[in-house]
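Visitor: I have a structure open here and some questions about it. Can you walk me through it?
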Amino acid sequence: MFLNKIFHFVKGYVIIKITGFYIERFLYICARRGIRLFGIGKKTQDGVVVCISISDFYRVMPVRYKTGTHIRIIQKCGLPFLIKQFRKRSFLVIGLLLVAIAMFVSSNFIWSVEIMGDNDELSRSVASAVKKTGVHIGAFKPSLMEGESMKSIILNNTDNLVWAWVYIKGTKAVVEYKEGILPPKVVDKSFPCDIVARRDGLIVSVVEKSGRTRVLKNDTVAKGDLLIAGTIDMTDGGYKTVHAIGDVYAYTWHEKSGEYKMYEDINIPTGREKKYRTFKLFSKCFDLFFKDNVDFENYTISEKLSEMKIGEDNYLGIGIYEKTYREVSVERKPISYDLAVEKGRNDLEEKIAKELACGSRLTDKKVSHEMIDDETVKVTVTMEFIEKIGEEIPIIEQNTAPEE
Amino acid sequence: MSNIREKIAEITEFPKDVVMDLPRIVIVGNRELQIENYKGLLEYSQDIIRVAVNNKQIIITGVDLCINRMESDTLFIGGRIMSIEFCSKNKR
C-alpha cells in the first residue's frame, strides 16, 4: 500500500469530483476501459471524489460526455506538479539540494562527544583516553577504528575501569563506562609511625597488630594522645621504630547546634518568563539574542536542549539550546515549632555524619531545643558513637649529634 | 446452457467460476469485500451497493460503504458490511 502511494506520487495524479446522475455508470465504464480509479470516496449528495492518474485523466473525457456527468478538479498532487511549480524557482531547488548535500556530508563527521558517568574525575580521564582512539570533534566516521579496539585503548589508558564502549549515534559519540571497585590500599609500612587519637573519647577496645599499646579499656583520651606507639624499647637500652598498626575503638561525642527560623521561604511562579535560545550547529553555538539581561528580582532557571535527529538516535548535530528564566515571588510561610526543630535536627545530623569515620556505630542521641525569640529556635544535637579514633602520625627521628 | 457448463466443469474439474462465468467473492470479516468477474455497478451509496454479475445481481448493505478500488474485472469494497444478497437481475 505504501509502495502504491509512492508510485502514484511519482507518476502524479489528480483528485476529481464527479457529479451527475449516472455516477455508477461512469465508474463502471472507466473500469471497463482500463482507466484506473483509486481512492474512491464515499458517495454523497454532492457526488463522488476519486483519484486518477494524469495519463488517464485525458481518457476520462469521452466517458464524461457519454454519461452526462460533470468533473471538477479538486487538487493536483504528485511529483510532476511539484516540478512544474518549482521550475521557475530554480534557486530554491538548488538551495535545497545544497542543504541536503551539506547535511549528508556533515553527518559523516562526529560533532559532539558525550561521556556518560557520574564521576567527574574519571570522566575526564576517560575523555582523554577517548581522544587517543581517534574519536574527537570533527573526526571522519568511516575512518574510526572498530569498537573492540576503542574499548581496549580506553581501558588500557584509564585506571579503575571495568568496561567502556563508544556508541556512534549519528553525529554524536556517546561514551559509556563502568567504574570498577578499587582493591584495598596496600599499607605502606616503609615509614615508622605512631597511632594517636583523632579526637577525645573513652576507649572501648584496642587491637594492636604492630607497635606497643599505650592505652587500656575505659581510659579517657584527648585529641593527639598516643594510642599505639611505633617506638619499641629494646632490652639493650636502645630502641627501634616500627610502623604501628592497630584498631582503637572509643566512645566519642559529637555536639552541634544551630539556630533555625520558624518560617520557610517558598518560591511561587508569577507566570512571567524570558527565554533565550542558542542555535547549536556542529558543536558551535550561535546566540539568537543580543543581551541576556534578566530584570526579574527572583527567578529560577531551567535549561533544555532539543537536538534534531533521524529515527531513535541518529543525531544530525543541529539543535536549539533554550534557557528559561521564570520569575518567582518569594513568600514567607510560617511553620510550627516542632517542624522547625525537626528541620534543625536533620540538618545537624547531616553535619555530624560528615565528621564521622567509616563504620561508626550510633549508641546514643540527645536533642535539646529552646526558643530564642518569636521566630527563632535553637536546636542542639548530641550524638554518641563507637568509632575508630586512631590516625597515623609519622615518627620524625631526630639525629642528635653526640655532645663533645 | 448453464447446466451443460456445470457438468463440463464437474467432469473436467475446471474451476466453476471460469467455466460458468460466475463471480468469485472474497470477504474479510465484515470489513472488506472483493468481487471478481463483475459485470457492472448498478448503485453506489454509503448504505447500499448493487453490483451486476452474470444473470444476477449482488446487493451489499451496510454502513459507510465505499469502493476502495475499481479495476476492469475486480471491485474492492470497504466499510461495515451487514448483508450480502443474491437477487435476480431485474429486482429494483
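Guide: First a term: helices here are DSSP runs of at least four residues, strands of at least two, numbered from the N terminus. Also, this is a predicted model.

Visitor: OK. How many helices and strands does chain A have?

Guide: Chain A has 9 helices and 22 strands.

Visitor: And what share of chain A is buried?

Guide: Buried residues account for 19% of its 404 residues. As for contacts in chain A between residues at least 6 apart in sequence, 70% link residues at least 24 apart.

Visitor: Which strands form the open sheet in chain A?

Guide: The order is S11-S9-S15-S21-S20, 5 strands in antiparallel pairing.

Visitor: Why do S11 and S20 of chain A each have one side without a neighbour in the sheet?

Guide: S11(A), residues 220-221, and S20(A), residues 361-373, stand at the edges with a single partner strand each, so one side of each has no neighbour in the sheet.

Visitor: How many bridges join S20(A) to S21(A)?

Guide: 11 bridges, and the two run antiparallel. S21(A) covers residues 376-388. Within this pairing, A:Val367 has A:Val381 in S21(A) as its bridge partner.

Visitor: Which helix lies across S15, S20 and S21 of chain A?

Guide: That is H9(A), residues 337-355. H9(A) runs at about 35 degrees to S21(A).

Visitor: Switching to the interface. How many residues of chain A are in contact with chain B?

Guide: 13 residues of chain A, in contact with 15 of chain B. Helix H2 (23-32) and strand S2 (37-38) of chain A each supply at least two residues to that side of chain A. H2(A) gives the most, with 6 residues.

Visitor: What is the make-up of that side by class?

Guide: The side of chain A that touches chain B has 7 nonpolar, 2 polar and 4 charged residues.

Visitor: Which strand of chain B pairs with S2(A)?

Guide: S5(B), residues 56-70, in the antiparallel sense over 2 bridges. A:Leu37 stands opposite B:Met70 in S5(B).

Visitor: Now confidence. What is the average pLDDT of chain A?

Guide: Chain A averages 85, and 96% of the residues score at least 70.

Visitor: Where in chain A is confidence lowest, and where highest?

Guide: Strand S17(A), residues 284-287, is lowest with a mean of 80, and strand S1(A), residues 13-19, is highest at 93. Separately, the pLDDT is below 50 over residues 400-404 of chain A. Beyond near neighbours in sequence, that stretch has 0 contacts in the model. Where pLDDT is low, predicted coordinates should not be read in detail.

Conventions. Residues are numbered from 1 along each chain as its sequence is written. Chains are lettered from A and ligands numbered from 1 in the order in which they are written. This is a predicted model: local features need pLDDT of at least 70, side-chain atom pairs count only at pLDDT 80 or more; totals for chains, interfaces and linings use all residues. A residue is buried if 20 or more other C-beta atoms lie within 10 Å of its own, exposed if 12 or fewer, and partly exposed in between; C-beta atoms are placed from the backbone. Two residues are in contact if their C-beta atoms, placed from the backbone, lie within 7 Å. Ala, Val, Leu, Ile, Met, Phe, Trp, Tyr, Cys and Pro count as nonpolar, Asp, Glu, Lys and Arg as charged, and the others, Gly among them, as polar. Two strands pair if DSSP finds at least two bridges between them. pLDDT is the predictor's confidence in each residue, from 0 to 100. Axes are lines fitted to C-alpha atoms, for helices over the stretch in contact, and angles run from 0 to 180 degrees between N-to-C directions.
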